[in-house]
Amino acid sequence: MAMVLWLLFSPFLFLSVSANTQTKVTDNPADELVAALNANRTAHKSSALTDNPGLACIALQYIKAYQGDCKAVGEAKKPADSEFAETFAPDCGVEASTLSPITGRLLGCQSKYVKPSEAFSMLMKNEKSLEILYNKNHTEVGAGVTGSDGGGPYFWCVLFSNGKHNSSFVAQGGVAKISRPGCFSGANDECSGANDLSRLHQMWLYAITAFVAAGYAFGM
């Protein structure tokens, strides 16, 4: 029986290691989301926004405050403003004294992972979303994306601010803390973490299904 288990799971372990060592990560979905957002703003005669990694890291922490509850998105429920200084900033290594007002928030949730361009369309769900996008008070933007529990649902968050470049959402040591799982924009960090979560979840399902099938075959 021990040999059967080893044969079943050793290929899965090999695939998992191969995915981590051979797959060349070339993009960051949070960066791509900000690129789509800025392209849309400039096409609408609005200025492009500075991608602030400190603000983006906070967007990722903002997502995590929902604890994977997709149903809470769009409801009145949202993290308290006090959490920005008390929880989100410290978790990102952002100096609380450099926090600037949040001038807009966009948050979406999907059961399956989608491309950043599709996520952008999802976030532009109504007239209010467009008003937030084109607001002329914004100067900076930050985006975060992550899945939950090794798979879906997948959250996408964009935070806007009217802070000043290089003086708002400043990270200690000049670098916001990288937080996994998930990706945030502006960090010069190639990250496919959200999509990797989707693939890893599918691999686990495959391994479990194979194990159950073999169990029946060997009369477990």
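This is a predicted model: local features need pLDDT of at least 70, side-chain atom pairs count only at pLDDT 80 or more; totals for chains, interfaces and linings use all residues.
## Basis

Local features need pLDDT of at least 70 and side-chain atom pairs pLDDT 80 or more, while totals for chains, interfaces and linings use all residues. Numbering runs from 1 along each chain as its sequence is written, and side-chain values use heavy atoms, without hydrogens or water.

## Overall fold

The chain holds seven helices and five strands (DSSP runs: H or I of at least four residues for helices, E of at least two for strands, numbered from the N terminus). Their order along the sequence is α-α-β-α-α-β-α-α-β-β-β-α.

Of the 220 residues, 42% are buried (under 20% relative accessible area, 1.4 Å probe, protein chains only). Contacts are heavy atoms within 4.5 Å. Among those with a separation of 6 or more, 76% link residues 24 or more positions apart.

## Helix 6

Helix 6 spans residues 127-134; Ser129, Ile132, Leu133 and Tyr134 are buried there. The buried residues of this helix pack against helix 2 (29-43), strand 2 (102-110), helix 5 (116-123) and strand 4 (151-161).

At the helix start, a side-chain oxygen of Asn126 comes within 3.2 Å of the backbone nitrogen of Lys128.

## His138

His138 sits in the loop between helix 6 and strand 3 (140-148). His138 is buried because its relative accessible area is 2%.

Which residues does His138 touch, not counting those up to four places away in sequence? They are Arg41, Leu49, Thr103, Gly104, Ile132, Leu133, Phe160 and Ser161. The side chains of His138 and Thr103 also pair N or O atoms, at 2.7 Å.

Terms used
Buried means under 20% relative accessible area, exposed over 50%, partly exposed in between (1.4 Å probe, protein chains only). A polar contact is a pair of N or O atoms within 3.5 Å; within protein, one must be able to donate a hydrogen and the other to accept it, and residues adjacent in sequence count only if both atoms are side-chain atoms.
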